[in-house]
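These are my notebook entries on a single model. I set down what I looked up and what I found.

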Amino acid sequence: MSTISQGLTDSESSLFWQQEMEQRLALATPRDTVRGLFFKSTLDKVRALDGEAAARHCLMASGERHFVEFFNYPTSSLIRLTYAAGQVLGPRYGGFDRALWLLGHQAMTDFLDSLMGRALKHLTGQDTRSLMISIQGIYRMTTSYGTRQLVWDGPTTGRLLLTRNFIPRAYHEGGLRATLDRMGAQNVKISGRQPSTLDYEFEFSWE
């Protein structure tokens, strides 16, 4: 769970996440969109971990009826879906942040297994650094909002800076880990911080 929400009762925690979600929704615009692949990935993961009823609940929370993998959908719908999934999975899977980490890990895994992801993997080959560099392109291909900057501090250490990103930090940490897992990286370390509501900085390293 976020350090801000640690020590809260269940009802207080639920209110905290509800307020955070509403804050993000207020900052999203109709121009902010994201590919359906990430919606489908979240629903599939919820279904696998908690059953069909839980997946239906999250779909209803999104405000959408269904998703096509490479169509664009409102980011506001993904915000609602992600927070609903975190609330559903959190009690059984280590809390809200851990649930979002799992969803982010699955989303990046699904992307790398998609047609776009396989093409990207073909271009980068077996080079972990090249695949990490491609993360900036992955965000551009799949979302219409925000900026991404990758800063290298060494051959296998660096920082990923995300600005104006609507999905919570733990989700992106899971996605970064999935990218490095796919390349067989060892002794992976990832730590993230949130300078402001929609901005993140992730430090990462591997051997």
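Which residue in strand 6 does Arg193 stand opposite? I found that Arg193 faces Glu201 in strand 6. Before going further I note that this is a predicted model, in which local features need pLDDT of at least 70, side-chain atom pairs count only at pLDDT 80 or more, and totals for chains, interfaces and linings use all residues. Residues are numbered from 1 along each chain as its sequence is written, and side-chain values use heavy atoms, with hydrogens and water left out.

**Entry 1. Strands**

I took helices (H or I, at least four residues) and strands (E, at least two) as DSSP runs, numbered from the N terminus. Two strands pair if DSSP finds at least two bridges between them. Strand 5 (residues 189-196) runs antiparallel to strand 6 (residues 199-205), with 6 bridges in the pairing. I recorded these two strands as a hairpin, with 2 residues between them. Lys189 also has its place opposite a residue of strand 6, namely Ser205.

I then looked at strand 4, which pairs with strand 6 in the antiparallel sense, again over 6 bridges. Here Arg159 has Glu203 of strand 6 as its bridge partner.

For burial I used relative accessible area: buried is under 20%, exposed is over 50%, and partly exposed lies in between (1.4 Å probe, protein chains only). Strand 6 is largely enclosed by the rest of the structure, because 5 of its 7 residues are buried.

**Entry 2. Cavity**

I searched on a 1 Å grid over the protein atoms alone, where a cavity is a set of points that a 1.4 Å probe fits but cannot leave; lining residues have an atom within 4 Å of a point. Grid points are joined across faces, edges and corners, and the volume is the space filled by probe spheres set on the points. The count was 1 cavity of 30 Å³ or more. The largest cavity holds about 220 Å³ of space. Its lining has 19 residues, and those closest to its centre are Phe38, Met108, Tyr139, Tyr171 and His172.

Which elements give two or more residues to the lining of the largest cavity? I listed helix 5 (96-113), helix 8 (135-142) and helix 9 (169-182). Helix 9 contributes the most, with 5 residues. By type, the lining has 12 nonpolar residues, 7 polar and no charged. For this I counted Ala, Val, Leu, Ile, Met, Phe, Trp, Tyr, Cys and Pro as nonpolar, Asp, Glu, Lys and Arg as charged, and the others, Gly among them, as polar.

I compared helix lengths with an expected span of 1.5 Å times one less than the number of residues. The 15 residues of helix 2 (residues 36-50) should span 21 Å, and the end C-alpha atoms are 21 Å apart, which agrees. Its buried residues include Phe38, Phe39, Leu43 and Lys45. Just after helix 2, Gly51 has a positive phi of about 100 degrees.

Helix 5 has 18 residues and should span 26 Å; its end C-alpha atoms are 26 Å apart, in agreement. Among its buried residues are Met108 and Thr109. I took contact to mean heavy atoms within 4.5 Å. Leaving aside neighbours within four places in sequence, Thr109 is in contact with Ala178 and Arg182.

**Entry 3. Single residues**

Leu27 lies in helix 1 (residues 10-27). Its relative accessibility is 39%, so Leu27 counts as partly exposed. Not counting residues up to four places away in sequence, Leu27 touches Asp32, Arg164, Phe166, Thr197 and Leu198. Leu27 and Leu198 are 171 residues apart along the chain, yet their C-alpha atoms are separated by 9.0 Å.

Arg164 belongs to the loop between strand 4 (157-163) and helix 9. Although not a glycine, Arg164 has a positive phi, near 50 degrees. Arg164 is partly exposed, at 30%.

Asn187, in the loop between helix 9 and strand 5, likewise has a positive phi of about 50 degrees without being a glycine. Asn187 is partly exposed, at 49%.

Beyond its neighbours within four places in sequence, Thr128 is in contact with Leu180, Met183 and Trp206.

Technical notes. On a 1 Å grid over the protein atoms alone, a cavity is a set of points where a 1.4 Å probe fits but cannot get out, and a pocket is an open set with protein on both sides within 12 Å along at least five of seven lines; lining residues have an atom within 4 Å of a point.
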